[in-house]
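Biologist: I would like to learn how to read a model of this kind, feature by feature. Could we go from the whole chain down to single side chains?

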Amino acid sequence: MRVGSDASPESPEPTVTDVSPLAPECTARPVFSDERPTAVADAQLWQAAGFSGALGQTLLLAGDRHPRLLVGLGERSAAGLCELRDAAAAAARRLRHLAVATFELDGLRLGTPEGVAATPEEIARAAAEGVTLGAYTFTEHKQKNAPAGFLRETSSGTDSASATDSDTGTSSHGTTWSAAAADPDTAAGWAVGAEVGRAVNVARDLVNEPANVITPSSFAARVEALAAASGIDVAVSDEAELERLGLGGVLAVGRGSVERPLLLTLTHNGHGGPVDLCLVGKGVTFDTGGLSLKSADGMIGMKHDMAGAAAAALAMTLLQTLAPNLHVKAFLPMVENMPGPFSTRPGDIVTMRGGTTVEILNTDFEGRLILGDAIALAADEHPAAIVDLATLTYAIVHALGDRTAGVFSNDDALLENLQAAAVTSDEQVWHMPMPAYLETQVDSLIADIKNFPGVPSSRSSTAAMFLQRFVPEGQAWAHLDIAGPAWAESEYGVAPLGATGFGVRLLAELFERLA
């Protein structure tokens, strides 16, 4: 190629280096803040770059064959599996524009939340979860300037490719991560961590999708496809079946919408004996408030009012891997809460599953109605425990902030298992009270109970106490109000902007504790 008109014929043609063979593979290596490099040049580089090895901090360096990314784990004495998961997520965010990356695990020593040394398998699982979750971005509806790096596939080897997930309709052309470690247990742990991370990401997809895409029926179709590949039996109950089952709360909430209500029942048979656990997930695919209409600002974000159902459904898909012997059932009532000519009115009384009558004073307090029905249905299975998940109250966000779920329970053993699972998964919960003096806020003058307490205080507790009215005496039960951590306004830890998939990893840990 000649440059300019005065180039002589004898001048050699300038060449342009073809950079395509220089595949930008990168290796991420975790480092501790209190173990600074011994080489002077490296120490000076850290100092010049302002890199200290603090948790989640990254520093990109040139390498002999390909770049290296240092990612901070903080002080060694405080670094455990949760910190590794967060650090791996930070590395994945930094490198989400790359096609291929590797995470170094050889020689890494960490502790567990229980204070013992983590095994190579546990370390690999945490790292795989971290990179899978950290690389996530939701780009399904971006036609221009879509950010790179939707991760779905991770590998314990070096010969893997990113993939397309036809079950959710979301394409993934992001980073393919692999583990660099010689220990044979690493591959097993890495595979499990990647599977857990993928389940969380699919839950995120479902919650991030707008309400014109995810309706009760389309949610059911996607879950059916996912369950078919996971050994889960699925039954879909239509309105006629809801009537037969006596699910008056589900029907009352769904009456105003052209999108008809339904119930998804997921079953993992496991040992085939008595049911070990029933899950219940709130599935309001959009919540206008019904005739008790929300404000315009209040409706923004109401597409994620089905995050509880998404978390329960995707957690179920992990049973075959994590706890194949458990017998678990999930009941997911799916509705759209809309105003319409047939909408339930404030003051209406409905009869719920089991015969309890409810005075509906505010149609925007709809979640407890569909959950009450589903809990009563779950209780008929006589499971060892029932756990429900719901984006139920704004009050829990005021009480605990937007990164912690409230947990209410009538059973100490179940509560302890959930709290332990929360610590291991780093999906935090806080035990909340249900004091007896608040019962009057649940009682109705003209029905058995009312759905609206009438006062602005203690609304998370009275919502849980409403649900408890559908739990038979002696039945172990816990309610998780996930209204805060189900959605993130900014990235933190393994959470992306938007839907976080909160609850999937917590339930996965619970399964393993119950197995």
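Predicted model: local features only at pLDDT ≥ 70, side-chain atom pairs only at ≥ 80, totals over all residues.

Biologist: Now the sheets. In which order do the strands of the open sheet with E14 lie?

Modeller: The general idea comes first: strands of a sheet pair through backbone hydrogen bonds, either parallel or antiparallel. Here, 3 strands form an open sheet in the order E14-E15-E19, with mixed pairing.

Biologist: What makes up the pairing on either side of E15?

Modeller: E14 and E15 run antiparallel and are joined by 4 bridges; Asp348 stands opposite Ile360 in E15. The hairpin of these two strands has 5 residues between them, and there Gly354 takes a positive phi near 95 degrees.

Biologist: Is strand E16 enclosed or left open by the rest of the structure?

Modeller: To judge that, count residues under 20% relative accessible area, the cut-off for buried. In strand E16 (residues 386-390), 5 of the 5 residues are buried, so the strand is largely enclosed by the rest of the structure. Both faces are covered: Ile386, Asp388 and Ala390 are buried on one side, Val387 and Leu389 on the other.

Biologist: Which strands pair with E16?

Modeller: Strand E11 (residues 277-281) pairs with E16 in the parallel sense over 4 bridges, and Val280 has Asp388 as its bridge partner. Strand E20 (residues 477-481) also pairs with E16 in the parallel sense, over 5 bridges. In that pairing, Ala390 stands opposite Asp481.

Biologist: How should I read a helix, say H11?

Modeller: Compare its span with the expected one, then look at burial. Helix H11 (residues 367-379) has 13 residues and reaches 18 Å from first to last C-alpha, close to the 18 Å expected at 1.5 Å a residue. As 13 of the 13 residues are buried, H11 is largely enclosed by the rest of the structure.

Biologist: Where does Leu445 lie, and is this residue buried or exposed?

Modeller: Leu445 is in the loop between strand E18 (429-431) and strand E19 (449-450). Its relative accessibility is 90%, which means that Leu445 counts as exposed. Together with Ile349 and Ile446, Leu445 forms a nonpolar patch on the surface with about 380 Å² of accessible area.

Biologist: And what surrounds Gly189?

Modeller: Gly189 is in helix H4 (residues 185-208) and counts as buried because its relative accessibility is 1%. Beyond its neighbours within four places in sequence, Gly189 is in contact with Glu121, Ala124 and Arg125.

Biologist: Which parts of the chain does the salt bridge of Glu512 and Arg125 tie together?

Modeller: The side chains of Glu512 and Arg125 meet at 3.0 Å, N to O. Glu512 lies in helix H15 (residues 504-514) and Arg125 in helix H3, so the pair ties together parts 387 residues apart in sequence. Glu512 is partly exposed at 31% relative accessibility, whereas Arg125 is buried at 13%.

Biologist: What does the salt bridge of Glu129 and Arg505 link?

Modeller: These side chains meet at 3.9 Å, N to O. The pair links Glu129 in helix H3 with Arg505 in helix H15, 376 residues apart. Glu129 is buried at 3% relative accessible area, and Arg505 is buried at 6%. Salt bridges that share partners join Arg85, Arg125, Glu129, Glu427, Arg505, Glu509 and Glu512 into one network.

How values were computed:
Residues numbered from 1 in each chain as written. Heavy atoms only, no water. Patch = residues over 30% accessible without salt bridge, like charges linked within 9 Å, V, L, I, M, F, W, Y side chains within 5 Å. Areas by Shrake-Rupley, 256 points an atom, 1.4 Å probe, with all protein chains shown as cover. Salt bridge = Lys/Arg side-chain N within 4 Å of Asp/Glu carboxyl O. Buried < 20%, exposed > 50% of the residue type's maximum accessible area, 1.4 Å probe, protein only. Pairing = 2+ DSSP bridges. Expected span 1.5 Å × (residues − 1). Contact = heavy atoms within 4.5 Å.
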